[in-house]
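User: Hey, I'm new to this one. Can you walk me through it?

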Amino acid sequence: MQHLPVLLKEVLQYLDPKPGDFMIDGTVDGGGHAAAIMEKIMPGGMFFGVDWDKGMIAKRKAESRHGKNEIYIHGNYAELPAILKKEKLGKADGLLLDLGFSSEQLTHLGRGFSFGEASAREPLLMTYDDSRKPVAEILRERNEKELADIIFELGGERLSRRIAGAIKQAGKKHPIVTAGELAETVRGAVPKNYERGRIDPATRTFQALRIYANDELGNLKSVLENLGNILNIGGRAVIITFHSLEDRIVKQSFQTLAKESKITILTKKPIVPSREEIERNPRSRSAKLRAAIIS
Ligand SMILES: C[S@@+](CC[C@H](N)C(=O)[O-])C[C@H]1O[C@@H](n2cnc3c(N)ncnc32)[C@H](O)[C@@H]1O
């Protein structure tokens with residue numbers, strides 16, 4: 001499934017890319033936002049795209065149209081200060097982060113991100129990059145209480161204890177190695193009418209394990225602490241989150257940085273998609289955008 005860029009008009013409004021600017025997209029993926037940003041900064045601008053999924057970076061490189069003014073690096077956006085130094089790129093005028101995973105990754109990556117039928121045989125990795133420990137291994141190594149805590153804290157799953165118990169129990173007979181095996185184990189652990197059928201019972205457990213396996217909250221905290229090492233004074237940071245824990249981290253970091261006079265917050269309240277956008281692209285429904293300028 002093709003990934004539709006979320007809050008595209010709002011991203012351009014708050015990032016405000018201008019001809020000649022140096023813009024970083026730290027989660028470039030299918031390049032939806034990237035294409036719109038490049039249209040504004042070229043000719044003469046510099047676009048730098050980063051993604052932790054090396055397949056996505058290979059695709060972006062293959063489709064690149066602006067020569068040395070459009071560069072891509074496979075890496076973790078949390079390491080942007082070091083990457084910029086190594087590439088001798090200096091600080092940028094704008095940084096976009098559109099967190100989580102894309103529709104394309106969900107359907108094509110083959111790393112077990114999805115609990116859907118089509119992904120049932122995929123290996124249970126759930127990592128963007130091979131440097132991280134696969135979820136199948138995490139399930140083997142962590143004890144029941146640790147798993148329950150992860151599923152509760154990062155998934156908000158109130159049946160976390162039951163689910164963790166079922167995962168450890170199933171693992172005794174035969175280690176859980178595919179996305180389908182994990183999804184079935186979770187479904188088997190919850191009552192029949194779970195959430196009145198509103199969501200698949202595996203939704204929150206998959207979300208929690210993905211966030212944990214990739215240290216998604218740690219990466220976000222780290223990049224927020226380093227905004228001043230990534231952006232010039234007057235440079236803009238635009239961050240789109242899809243999870244209340246992530247949005248809280250952005251909100252609180254921005255508030256702390258604003259108190260220290262390091263940034264000016266541009267979005268008093270988070271910007272959310274319009275009803276029309278949610279209808280067109282249901283995946284956008286939980287998106288929240290916050291933006292700030294380095295001072
Ligand atoms: C929602 S998608 C971005 C979609 C993109 N803005 C577009 O319009 O096509 C999120 C991307 O972030 C990447 N990602 C997740 N964590 C990352 C990290 N720590 N560093 C770099 N990329 C990361 C994922 O691999 C995925 O490609």
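Predicted model: local features only at pLDDT ≥ 70, side-chain atom pairs only at ≥ 80, totals over all residues.

User: Okay, the ligand. Which residues are closest to it?

Analyst: Asp29, Asp51, Asn76, Asp98 and Gln105 are the closest of the 25 residues that surround the ligand. A residue is near a molecule if one of its heavy atoms lies within 4 Å of it.

User: And what's in that shell by class?

Analyst: Seven nonpolar, 13 polar and five charged residues. Here Ala, Val, Leu, Ile, Met, Phe, Trp, Tyr, Cys and Pro count as nonpolar, Asp, Glu, Lys and Arg as charged, and the others, Gly among them, as polar.

User: How far is the side chain of Asp29 from an oxygen atom of the ligand?

Analyst: An N or O atom in the Asp29 side chain is 2.6 Å from a ligand oxygen. Asp51 also has a polar side-chain atom 2.6 Å from an oxygen atom of the ligand. A polar contact is a pair of N or O atoms within 3.5 Å.

User: How much of the ligand's accessible area does the protein cover?

Analyst: 98% of the 600 Å² that the ligand has on its own. Accessible areas come from the Shrake-Rupley method with a 1.4 Å probe.

User: Where does the ligand sit, then?

Analyst: In the largest cavity, meaning that more than half of its atoms lie within 2 Å of the cavity's grid points. On a 1 Å grid over the protein atoms alone, a cavity is a set of points where a 1.4 Å probe fits but cannot get out, and a pocket is an open set with protein on both sides within 12 Å along at least five of seven lines; lining residues have an atom within 4 Å of a point.

User: How many cavities are there?

Analyst: One of 30 Å³ or more. The largest cavity has a volume of about 360 Å³, where a volume is the space filled by probe spheres set on the grid points. It has 29 lining residues, and Thr27, Asp51, Asp98, Leu99 and Gly100 are the closest to its centre. α2 (32-41), β2 (46-51) and α11 (216-225) each give two or more residues to that lining. Helices (H or I, at least four residues) and strands (E, at least two) are DSSP runs, numbered from the N terminus.

User: Switching topic: what about the largest pocket?

Analyst: Its volume is about 1,100 Å³. Phe101, Thr203, Arg283, Arg285 and Ser286 lie nearest the centre of this pocket, among 29 lining residues.

User: Which element gives the most to that lining?

Analyst: α10, with five residues. By class, the lining has eleven nonpolar, eleven polar and seven charged residues.

User: And the second largest pocket?

Analyst: That one is about 210 Å³. Its lining has 13 residues, with Ala35, Met38, Glu63, Arg65 and Glu70 closest to the centre. The largest share, four residues, comes from α2.

Technical notes. Residues numbered from 1 in each chain as written. Heavy atoms only, no water. Polar contact = N/O pair within 3.5 Å; in protein donor to acceptor, adjacent residues only side chain to side chain.
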